[in-house]
Amino acid sequence: MTRPELNLLINFITDKQIHLISDEIYSGTVFNSPSFISIMEALKDMNMEKNNRVHIVYSLSKDLGLPGFRVGAIYSNDPTVVSAAVKMSSFGLVSSQTQYLLSVMLSDKKFRNHYIVKNQNRLLKRQRKLVSGLEKSGIRCLESNAGLFCWVDMRHLLSSDTFEAEMELWERIIYDVKLNISPGSSCHCNEPGWFRVCFANMSEDALELAMQRLKSFVGSIKKHNHQESEKLRKESHIGKWIFRLSFQSFNEQDQR
């Protein structure tokens, strides 16, 4: 979101006296413009950094690739929210060894900055490779500048415009192509045919192989659809031919 959009949002929640939760878990994965602006930056510019209606949630799972560490954070100036978070944290404590490891790692500014920049460059390269590979198969993606996934349009591969057809296509990709992608319905998409494809959890060689498999799969679907179209065309042609013969025969009998 742009700075003016964030300012408008802050003014809106202030005027309506409602709370805002800013999920910034992907903030470090922005690999292309526009750059990421935290809601806290916008609050500081407006001299509202002590606002107790804005709460930020974050995790190390995405930016640092540490989902197995199960470490997250809530940043809030609301004492009630902080008190509740402290009580809830008792059910998911982070081990002392994990805390020590992370404190050493995050305190190393040189490593931290180097890692984030290198990770962003790698994400950009991998994302472009995925988009390029999909385009060669006749599949397009929504434009993106951050994250670990692409939102992929496979509506033209559905047998019908239904979520049942989406699940049918997903199962074929899982069992026949051997690729694990997420159907849009699992992400609460209200239109069938969209899929979420992760490009950050595999090597470049694996991604290249995945694109080859998908291209072959799409080619087989197009070939099947073409054969079905030809079959229908021939059946239609034969039907018209039979109709003309029948009509001609009927006229000859009528003339007799």
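## Starting point

A salt bridge here is a side-chain nitrogen of Lys or Arg within 4 Å of a carboxyl oxygen of Asp or Glu. Lys and Arg count as positive, Asp and Glu as negative, with His and the chain ends not counted. This is a predicted model, where local features need pLDDT of at least 70 and side-chain atom pairs count only at pLDDT 80 or more, while totals for chains, interfaces and linings use all residues. Residues are numbered from 1 along each chain as its sequence is written, and side-chain values use heavy atoms, leaving out hydrogens and water.

## A buried Glu24

Glu24 sits in the loop between strand 1 (20-23) and helix 2 (39-45); helices (H or I, at least four residues) and strands (E, at least two) are DSSP runs, numbered from the N terminus. Glu24 is buried but makes no salt bridge, and Arg3, the nearest side chain of opposite charge, is 11 Å away. (Buried is under 20% relative accessible area, exposed over 50%, partly exposed in between, using a 1.4 Å probe and protein chains only.)

So what does the side chain of Glu24 have 3.1 Å from one of its polar atoms? That's the backbone nitrogen of Ile39. Beyond neighbours within four places in sequence, Glu24 is in contact (heavy atoms within 4.5 Å) with residues including Phe36, Ile56 and Tyr58.

In helix 1 (residues 3-16), the buried residues are Leu6, Ile10 and Ile13. They cover an arc of only 70 degrees around the axis, so they lie on the same side of helix 1; the arc is taken from the directions from the helix axis to the C-beta atoms. These buried residues pack against strand 1, helix 2 and strand 2 (54-59).

The face turned away from that buried side carries exposed Pro4, Leu8 and Asp15.

Methods:
A polar contact is a pair of N or O atoms within 3.5 Å; within protein, one must be able to donate a hydrogen and the other to accept it, and residues adjacent in sequence count only if both atoms are side-chain atoms.
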